[in-house]
Amino acid sequence: MTTEFLKPLEWKDNTLYILNQLKLPEVEEYNPKRTVEEVFHAIRDMELRGAPLIGITAAYGMAIAAQHINSEDHSEFMEEMQKQASYLGESRPTAVNLFWALKRMIAKAMTLGEVSLEEKRKVLLEEAMIIHKEDIAINRAIGENLISLLKEDMTLMTHCNAGSLATSEYGTATAPMYIAKELGWDIKVYANETRPYLQGARLTAYELARGGVDVTLITDNMAGFLMSQGKIDAIITGADRVVANGDTANKIGTMSLAVLAKYFNIPFYVAVPTPTIDLDMETGKEIPIEERGHEEVTSWFGKQIAPKDIKVYNPAFDVTPNDLITAIVTEKGIVYPPFNENLKKLF
Ligand code: MRU
């Protein structure tokens, strides 16, 4: 049985439409984005999120930027493109896919010196569409590699949302879950709610249930108890940035799960497309960790749940040390420790 996936974005009638994830699961609403500023705000304000999707959206953002540039002069064109890339690069700091996509669009634009403005706009839109399409194949391949590590009746745990709402189609961490369902396997999934933004409750639980996967929602602080009861056979998460030594940034709470998994002897897999791997950084200490607004912690979707002026710390990501990771699973294959040596071999 094939799966009908949610589309987190669509290019239609020369416009980028983004599924507003702030309104999920109650409302499926697509909003048009016609300017680079609108794309910037959609990323920063988390109307869409998830490392690969942020990258794809930024690529379309660069295609939109090209549509607003009116100079036929190539160096003026490139100057403006660089400016817009720097601007989009300010939207969120942790997911390296954003910078990967911006660099790829700039590199493509640089090759177009001799062609007309109209042709540049066309080629850059095509490049964004290629990035988008490549992501579909990447996710399916990650899923096939992951499924080779699993058995038919396993119970998995995942954190945050590394699903079709963070990518295209199969997602990364969710890809083996959808493939297992298509194969008729009896896989069960626990989705952690993922405070404070609730990507697990609002997005993962929603998309897996909608896709016919047997999913159970738990709050984050229940994860260790389930592991102690022997209920979890493997943990699979996505990542925002994997660096040269295998240290991995992902949604806050991921590192605690990896520590628990080590204690309870449960395999901990990280599912990533190769654009999420950043070999320019040696260790996780170099990864910029985004801090988000206090209201995400002190209120619950508009309702105040903590004293108004209380001090708050809200890091959006943490870094899982490489020695807690069993394997990093990419579209190009499964990478085992020592990650320092083996990640390089992918490129
Ligand atoms: O803050 P978010 O929702 O963008 O964080 C998303 C995650 O941490 C995902 O696990 C990660 O981006 C991988 S998505 C395939």
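## Charged and polar contacts between the domains

Between domain 1 and domain 2 the count is two salt bridges, in a model that is predicted. In a salt bridge of this structure, the side chains of Arg 92 and Glu 290 meet with a distance of 2.8 Å from N to O. Across the interface of domain 1 and domain 2 there are also 19 residue pairs in polar contact, with both residues at pLDDT 80 or more.

On the side of domain 1 that touches domain 2, the elements giving two or more residues are α2 (51-68), α4 (96-110) and α5 (117-147). Helix α5 supplies the largest share of that side, namely five residues. Sorted by class, the side of domain 1 that touches domain 2 consists of 16 nonpolar, six polar and six charged residues.

## Domain layout and buried area

The protein chain is divided into domain 1, which covers 9-139, and domain 2, which covers 149-346. The C-alpha centres of domain 1 and domain 2 are 25 Å apart, and 28 residues of domain 1 are in contact with 35 residues of domain 2.

The size of an interface is often expressed as the accessible area that is lost when the parts come together. Between domain 1 and domain 2 the buried area is about 2,600 Å², and carbon and sulfur atoms give 54% of it. Within domain 1, the residues that lose the most area to domain 2 are Arg 49, Thr 94 and Asn 139, which together account for 24% of what that side buries.

## Salt bridges in the whole structure

Side chains of opposite charge can pair when their charged atoms come close. The structure as a whole holds 16 salt bridges.

## Aromatic pairs

A search of the whole structure finds five aromatic pairs. In the pair of Phe 5 and Tyr 178, the ring centres are 5.0 Å apart and the planes stand at 85 degrees, so the arrangement is edge-to-face.

## Backbone exceptions

Most residues other than glycine have a negative phi, and most peptide bonds are trans. Against that background, Asp 13 has a positive phi of about 50 degrees although it is not a glycine, and Asp 13 is located in the loop between β1 and β2 (15-19).

Two cis peptide bonds can be described alongside it: the bond from Arg 195 to Pro 196 is cis, with omega near 0 degrees, and the bond from Pro 337 to Pro 338 is likewise cis, with omega near 0 degrees. Pro 196 is placed in the loop between β5 (188-192) and α7 (199-210), whereas Pro 338 is placed in the loop between β16 (333-335) and α11 (339-342).

Methods. Residues are numbered from 1 along each chain as its sequence is written. This is a predicted model: local features need pLDDT of at least 70, side-chain atom pairs count only at pLDDT 80 or more; totals for chains, interfaces and linings use all residues. Side-chain values use heavy atoms; hydrogens and water are left out. Domain bounds come from an automatic or database domain assignment. Contact means heavy atoms within 4.5 Å. Buried area is the accessible area (1.4 Å probe) that two parts lose on being put together, summed over both. A salt bridge is a side-chain nitrogen of Lys or Arg within 4 Å of a carboxyl oxygen of Asp or Glu. A polar contact is a pair of N or O atoms within 3.5 Å; within protein, one must be able to donate a hydrogen and the other to accept it, and residues adjacent in sequence count only if both atoms are side-chain atoms. Helices (H or I, at least four residues) and strands (E, at least two) are DSSP runs, numbered from the N terminus. Ala, Val, Leu, Ile, Met, Phe, Trp, Tyr, Cys and Pro count as nonpolar, Asp, Glu, Lys and Arg as charged, and the others, Gly among them, as polar. Rings of Phe, Tyr and Trp (its six-membered ring) pair if their centres lie within 6.5 Å; planes under 30 degrees apart count as stacked, over 60 as edge-to-face and the rest as tilted.
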